[in-house]
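Please walk me through this structure.

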Amino acid sequence: MTLEEIRQLALWLKEHHLAGAEMSRPGVHLTLKRGASAGAVAAPAVAVVEDQVLRTTGLGRLLLTHPQLDQPFVAVGDQLSAGQLVALLQVGELLLPLRAPRAARVVDVRVPCGTTVGYGEAFLGVEYPA
Amino acid sequence: MIEILSATALATVQDFGRFGSLGYGVGTSGAMDHLALALGNLLLGNPEDAAAIEIPLFPFEVRLLQDCAFAVTGAACDATLDGQPLPPNWVCQGREGQVLSLGYPTSGSRAYLCLAGGVDVPSVLGSRSTQLRGEFGGLDGRALQQGDRLGALHPGISPLPLDVGVLAPGLALPLQVDGVPAMRVLPAAEYERFQEASRAAFWAGEWKITTQSNRYGYRMEGQPLLPIAPMEIRSHGIVPGVIQVPHGGQPIIQMRDAQPSGGYPKFGSVIEADLWRLGQAPIGGKVRFIECSYLEAVEALETNRAYLREVSRLLELHREGVKA
């Protein structure tokens, strides 16, 4: 199940004025409640399929260059080391780091600098060493 | 505990300043960029006015002699921690043995190294700021030297989530005229006693910050400010921000280490809320002045406070979010 599918489900719930939905599949249990407080539902442990992208960790404005600097954090072809800063998520005055989870090579940049992004959006294509 | 590795001069310990002692002839001292100091402290969960190291000359290098969270704010100066780049206006958990290096600034001119809990030096007359003229406060009343060691009040591993930054005050609260950094100025006591053409030129022209500028004051260069008639004035109290005009008409702006009295005519005063902008304007650079009213000056202070409150609120939300 992808985030896009979950967003679509949430949209359908809203369109049809449904209060919520619950579904189970092997390895996945999803609970959607409209109007519920965000903290009320505990996020279950999910087995994440590792794909060859880096994803945003929250909502905000994606910055590929620090606002006080000229050079972008990374460019296509760069070798990233584990923990390397690759982008920032600007939330109001705060700048939150987006870091490479482990060594990888940058394949493509998928979201332009300054774009408002949601949670879990793929912004950088990478290639992990085999 | 940190140790200064570089021989770079003029770095001092500063907090917001020493207030209430002007009557004894003790100037306020304090950070040239209050906002940068406050931001660094907010990032660390310190009181806003905790003492930090103000760094005006680069490169600057320190070694952490124990684990300690720290923030580097103010000038964007190519900071690295053990060779790994550290973004401007950022906080992180430092580990024992790591070396923090600050290079030449690409924007701004003064950096602040804030430590968890604040820099641990004795408070003298209610402040930890270095009083260079009186040789007290800070570390033994002097600028830091190679080999000096300074402690933090809360060293160790910070309980807070770190690795987060803030948008620089210069970007969050921009103020420029024709692409030149600007400061708001209140006309002062002798303003009306200057020629009308000089008064007009002051607001309309660019002013260069000369090399004879430091924490005591900035000597500015531009079209001379000429009085209608020569003025002889008795010495009187002055504060940081006051723009004095000596004979010759090139003004001096009193900065944080200003002496508490002077006898030159006062043309105006850079408002308290904009002194940080001057503190970050590089020597040799140009600035402009914008006339403002007392009410606007008070409002500007409130705008600065609102900015710090908003940063503080977002940091609290971020910490809650990470905990959850």
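This is a predicted model. Begin with B:Ala38. This residue counts as buried because 29 C-beta neighbours fall inside 10 Å, and the cut-off for burial is 20 or more. B:Ala38 belongs to helix 1 of chain B. Leaving aside residues up to four places away in sequence, B:Ala38 touches B:Glu48 and B:Leu308. B:Thr73 is 35 residues from B:Ala38 in sequence, yet their C-alpha atoms are 9.2 Å apart.

Look next at the place where the order passes from chain A to chain B. Strand 7 of chain A and strand 12 (residues 164-166) of chain B run antiparallel and are joined by two bridges. A:Leu95 has B:Gly165 as its bridge partner in strand 12 of chain B. Strand 12 of chain B is also joined by two bridges to strand 8 (residues 90-94) of chain B, again antiparallel. There, B:Val91 has B:Val164 as its bridge partner.

Step back to the whole contact between the chains. Here 13 residues of chain A meet 19 residues of chain B. On the chain A side, the elements that give two or more residues are strand 6 (85-91) and strand 7 (94-99). Strand 7 gives the most, with four residues. By type, the chain A side divides into eight nonpolar residues, four polar and one charged.

Is A:Val91 buried or partly exposed? A:Val91 counts as partly exposed, because 17 C-beta neighbours lie inside 10 Å, and burial would take 20 or more. Not counting residues up to four places away in sequence, A:Val91 touches A:Gly60, A:Leu96 and B:Leu314. A:Leu62 is 29 residues away along the chain, with 9.3 Å between the C-alpha atoms of A:Val91 and A:Leu62.

Turn to the domains. Chain A is divided into domain 1 (3-40) and domain 2 (53-127). Their C-alpha centres lie 28 Å apart. For chain B, the assignment gives domain 1 (2-166) and domain 2 (176-292). The centres of these chain B domains, taken over C-alpha atoms, are separated by 28 Å. Their contact takes 19 residues from domain 1 of chain B and 14 residues from domain 2 of chain B. On the domain 1 side, helix 1 (34-44), strand 5 (68-76) and strand 10 (107-115) of chain B are the elements that give two or more residues. That side divides into six nonpolar residues, ten polar and three charged.

Further along chain B, strand 22 is worth a look. Four bridges join strand 22 (residues 286-291) to strand 14 (residues 180-187) of chain B, and these two run parallel. Within that pairing, B:Met183 has B:Phe289 as its bridge partner in strand 22. Strand 22 of chain B also pairs with strand 15 (residues 207-213) of chain B, in the antiparallel sense and over two bridges. In that case the bridge partner of B:Trp207 is B:Val287.

Finally, consider confidence. Chain B averages a pLDDT of 96, and 100% of its residues score at least 70. For the complex, the predictor gives an ipTM of 0.91 and a pTM of 0.89.

Definitions and conventions: Residues numbered from 1 in each chain as written. Chains lettered and ligands numbered in written order. Predicted model: local features only at pLDDT ≥ 70, side-chain atom pairs only at ≥ 80, totals over all residues. Contact = placed C-beta atoms within 7 Å. Nonpolar A, V, L, I, M, F, W, Y, C, P; charged D, E, K, R; others polar. Pairing = 2+ DSSP bridges. Domains from an automatic or database assignment. pLDDT = per-residue confidence, 0-100. Buried ≥ 20, exposed ≤ 12 C-beta atoms within 10 Å, placed from the backbone.
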